[in-house]
Amino acid sequence: MSDDTPPQRAARFSWSVILMPLGVAVILLTAWHIAVKVSGHDIFPTPLEVLRGFGELVQQGLLLKYIVASLFRVSWGFSLAVVVGVPLGLLIGWFSPVFSALNPFIQILRPISPIAWIPIAILWFGREDTAPVFLIFLASVFPIAVSATAAVQNMQPVYLRAAQNFGLSKGQLFRRVIFPSCLPQIITGLRIALGIAWLVVVAAEMIAVDSGLGYLIIDARNAGKRYDLVVAGMVMIGLIGLVLDLVIRRLERFDEVRWGYSNR
Amino acid sequence: MSFPGKTAGEQIHVLERIDLEVAAGEFVCIVGPSGCGKSTLLNIVGGFLQQTRGEALVEGQPVSGPDPRRIFVFQENGVFPWLTVRENIGFGLGQKSAEERDKTVAHYTEMVGLTGFEAAYPRELSGGMRQRVEIARALAASPDIIYMDEPFGALDFITRLKMRSDLIRIWQAEKKTILFVTHDIEEAVQLSDRVLVMSKRPATIQTVIDIDLPRPRDLDSPGYLHKRDAIFQAMGMSVRIGA
């Protein structure tokens, strides 16, 4: 039940948000180091060796080059997926004939892992940048389209009725009401798709191209069993994945979409 | 304004023949038991639902869909959460110049008592405040009629009393025609000039009761209690709880 006083807003920053994970990291790194030493394994690296591997990559100028290559492919593939997936999803969600016509194909294509598309991607695009971009596009477009469709179909009828009440044209209706009301769910779809895109770029690079973090990992192993570089690459992938997620989360903070997510 | 109509919702025969007249500037309440179809009736009149049989006429014209001359106020969530209070209230004012729009919005923001909250978003407001935004938005569009579908139903008792007071004050200032649906009999007596009592499904207007009491309505006056009891009686209800 609501009363006439506005709800309170809690805002508190505590150091534990940074210190706790840091503490856990220290514990994990120590455990990792001890485990390697105790097991007497001579190939799997200790944290220190990974750090040195990082240094080596930075010195050779490879780290930045590979990161940029991977990010470049993700940006292209993801952007294409947004440009195609959002309008497609909205159309499918809004017009039932379009839904009947296209939804079955989406549901058939969606479960096919992008990894399964790799042979075809290489066949069509060769070992160029286009192949990973295509794979990333494929991986991202489905979650984006599906979330856009769901957003339209789950839209509160009240918004539509209220908007129609004011005599809006179809175009105005879409621009001022339908799209803004779907935006929170679309952004959630973007977040999911970006995570998938980053996953896929690494896999795609392992097979299809000659640069990027995925390539680094497979090449480090093949060229000399440099597992310190393998793990360094993995750590880098993880960190960038985290940063990408945080960046997209910032989108959720805008006032125009904040209403769509429950308060934490 | 008159509408004769026969309608059925799904396979349930919800509304029988409904004949009612509302004069310009009148405040008319429709009360009835839950599920009797009063919201359905209002939605048909508002153009959101289509009757299965018969016609719905407003001011002699058939209802073909929602109309900006007749704004509907919903019970909950009618306010757009992605817009500020100011943007919500000005929503129907696209035709006007920016200057005129700002003036109108400011006027109605003040009228509903939300000065200072213009830049706030609905999620930052209480339920009562959100309903005020919706009412201001409806008024700002200068409609001929305002339809209200249990607009205070989601609010607590005290807020409801306040909102009713403010609504009457606004109605007296703006002189709008209001058709107000509620299940709350007391609310109907506190607010309206006339109360239309609906029967159970399939519903018709079974009784019309004129509330010719002066405003501000006095909850203690014998006149008030008399009218209230008349409605209770019309609906076959007892004024003794637990009897």
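In chain B of this predicted model, B:Val31 stands opposite B:Thr182 in strand E10.

E11(B) in turn pairs with strand E12 (residues 205-210) of chain B in the antiparallel sense over five bridges, and here B:Val197 stands opposite B:Thr207 of E12(B). Six residues lie between E11(B) and E12(B), and the two strands form a hairpin.

The table sets out these pairings.

| Strands | Sense | Bridges | Source |
|---|---|---|---|
| E11(B) and E12(B) | antiparallel | five bridges | |

These strands are part of an open sheet of six strands in chain B, in the order E8-E9-E10-E5-E11-E12, with mixed pairing. Its edges are strand E8 (70-73) and E12 of chain B, each of which pairs on one side only. From one strand to the next, the twist averages 15 degrees.

Strand E11 of chain B, residues 194-198, is mostly covered, with four of its five residues buried.

## The nonpolar core

The largest nonpolar core holds 127 residues, among which A:Leu135, A:Ile136, A:Ala197 and B:Val195 touch the most other members. Domain 1 (1-69 + 145-155 + 162-243) and domain 2 (78-142) of chain B both contribute residues to this core, and it therefore lies between them.

What does B:Val195 touch, leaving aside residues up to four places away in sequence? The residues touched by B:Val195 are B:Cys29, B:Val31, B:Ala188, B:Val189, B:Ile209, B:Ile211 and B:Ile231.

A:Phe179 and A:Ile136 are 43 residues apart in sequence, and their C-alpha atoms are 25 Å apart in space. A:Phe179 counts as partly exposed because it has 17 C-beta neighbours inside 10 Å.

## The two domains of chain B

The domain assignment divides chain B into domain 1 (1-69 + 145-155 + 162-243) and domain 2 (78-142). Taken over C-alpha atoms, the centres of domain 1 and domain 2 of chain B are separated by 26 Å. Ten residues from domain 1 of chain B and ten residues from domain 2 of chain B take part in the contact. On the side of domain 1 of chain B that touches domain 2 of chain B, helix H5 (residues 157-174) of chain B gives the most, with four residues. By class, this side of domain 1 of chain B has eight nonpolar, no polar and two charged residues.

## The contact between the chains

Between the chains, 22 residues of chain A are in contact with 27 residues of chain B. On the side of chain A that touches chain B, helix H7 (157-165), helix H8 (170-208) and helix H11 (255-258) of chain A each supply at least two residues. H7(A) gives the most to this side of chain A, with six residues. The residues of this side of chain A divide into ten nonpolar, seven polar and five charged.

## Local features of chain B

Helix H1 of chain B, residues 38-46, is mostly covered, with eight of its nine residues buried. Among the buried residues of H1(B) are B:Leu41, B:Leu42, B:Ile44 and B:Val45. Just after H1(B), B:Gly47 takes a positive phi of about 90 degrees.

Positive phi values are also found in residues other than glycine. B:Glu59 has a phi near 50 degrees and lies in the loop between strand E6 (57-58) and strand E7 (61-62) of chain B. Phi of B:Asn77 is near 60 degrees, and this residue is found in the loop between E8 and helix H2 (85-89) of chain B. B:Glu59 is partly exposed, with 13 other C-beta atoms within 10 Å; B:Asn77 is partly exposed, with 17.

A cis peptide bond, with omega about 0 degrees, joins B:Arg215 and B:Pro216. B:Pro216 lies in the loop between E12 and helix H7 (222-234) of chain B.

Key: Residues are numbered from 1 along each chain as its sequence is written. Chains are lettered from A and ligands numbered from 1 in the order in which they are written. This is a predicted model: local features need pLDDT of at least 70, side-chain atom pairs count only at pLDDT 80 or more; totals for chains, interfaces and linings use all residues. A nonpolar core is a set of buried Ala, Val, Leu, Ile, Met, Phe, Trp, Tyr and Cys residues joined through C-beta atoms within 7 Å. A residue is buried if 20 or more other C-beta atoms lie within 10 Å of its own, exposed if 12 or fewer, and partly exposed in between; C-beta atoms are placed from the backbone. Domain bounds come from an automatic or database domain assignment. Two residues are in contact if their C-beta atoms, placed from the backbone, lie within 7 Å. Two strands pair if DSSP finds at least two bridges between them. Ala, Val, Leu, Ile, Met, Phe, Trp, Tyr, Cys and Pro count as nonpolar, Asp, Glu, Lys and Arg as charged, and the others, Gly among them, as polar. Axes are lines fitted to C-alpha atoms, for helices over the stretch in contact, and angles run from 0 to 180 degrees between N-to-C directions.
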